[in-house]
Amino acid sequence: MAVTPSIKSDQGSSSQDGKGPSTLQSLPVTGSLFKDAIEDKVADLVGFLLLKYHTKELITKVEMLIVIKDYQDHFPVILSQASECLQLVFGIDVKELDPISHSYVLVNTLGLTYNGMLSDDQSVPKTGLLINILSVIFMDGNCSPEENIWEVLSVMGLCAGRKHFIYGEPRELITKVWVQEGYLEYRQVANSDPARHEFLWGPRAHAETSKKILNIFLCAIQYKLVYLFYIYL
């Protein structure tokens, strides 16, 4: 999440003239301003795509070009970064449905069927956080101590008892909601005194995805993060 574009307002972005090459490595004088403008448009596109995810509507390239306005020449870069943000933060994949009509569909990453959204339009998908936790458990040898989970979540800005602006109160989410939904198993470590707890994959996680698929996903994410780190140097 630290390398994904931050959600910014559109203020100031309309003043940019949109000139310059289609990559982020150039423009030595105005490069910083150009990156900021691109990030603003990425944030606009992420917001638009989340709205489409709520309404379960197909997305067309024409619609996305309208959203990014004066930066249509940089559409491939903006769409790529918006897709990264959706995948890493919200657990949503952007799939091209028809390369001729340039229509797209939004699906949950790894085939998970639960997104954690409420019925109101203000809620956002929480699958990204669930995938992070399943990944930690997988890398810890299929059973992760609770302190390991909270160490990872703290890096993402999540703390027990503190409401997060995207995920809400994380303790209830990971120890109750996702346990009840069958994605996580939360149990006390045998013979631990004082009591310690650990997390495992729940039956629903095993049914909807696999460790092989998750491993492929993690390898792809590692490659993408290295690329993002390189272009933001």
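Contact here means heavy atoms within 4.5 Å. Helices (H or I, at least four residues) and strands (E, at least two) are DSSP runs, numbered from the N terminus.

This is a predicted model, in which local features need pLDDT of at least 70 and side-chain atom pairs count only at pLDDT 80 or more, while totals for chains, interfaces and linings use all residues. Residues are numbered from 1 along each chain as its sequence is written, and side-chain values use heavy atoms, with hydrogens and water left out.

**Whole chain**

The chain has eight helices and six strands, in the sequence pattern α-β-α-α-β-β-α-β-α-α-β-β-α-α. Of its 233 residues, 45% are buried (under 20% relative accessible area; exposed is over 50%, partly exposed in between; 1.4 Å probe, protein chains only). Among contacts between residues at least 6 apart in sequence, 57% join residues at least 24 apart.

**Helices α2 and α3**

Select residues 61-68, helix α2, and residues 75-90, helix α3. Two packed helices are described by the angle between their axes and the distance between the axes. Here the angle is about 95° and the axes are 11 Å apart; axes are lines fitted to C-alpha atoms, for helices over the stretch in contact, and angles run from 0 to 180 degrees between N-to-C directions. The two helices, α2 and α3, are therefore roughly perpendicular (65 to 115 degrees; under 35 is roughly parallel, over 145 roughly antiparallel, the rest oblique). Now show the side chains of Lys61, Met64, Leu65 and Ile68 on α2, and of Phe75, Ile78 and Leu79 on α3, which make the contact. Six of these residues are nonpolar, none is polar and one is charged. Nonpolar covers Ala, Val, Leu, Ile, Met, Phe, Trp, Tyr, Cys and Pro; charged covers Asp, Glu, Lys and Arg; the others, Gly among them, are polar.

**Helix α6**

Move to residues 170-180, helix α6, where the buried residues are Pro170, Leu173, Ile174, Thr175 and Trp178. They lie on the same side of α6, because they cover an arc of only 165° around its axis, taken from the directions from the helix axis to the C-beta atoms. Which elements cover them? Among them are α4, α5 (146-155), β5 (184-188) and β6 (197-201).

After α6, select Gly182, whose phi is positive, near 90°.

**Gly141**

Finish at Gly141, in the loop between α4 (127-139) and β4 (144-145). Is Gly141 buried or exposed? Gly141 counts as exposed, because its relative accessibility is 52%.
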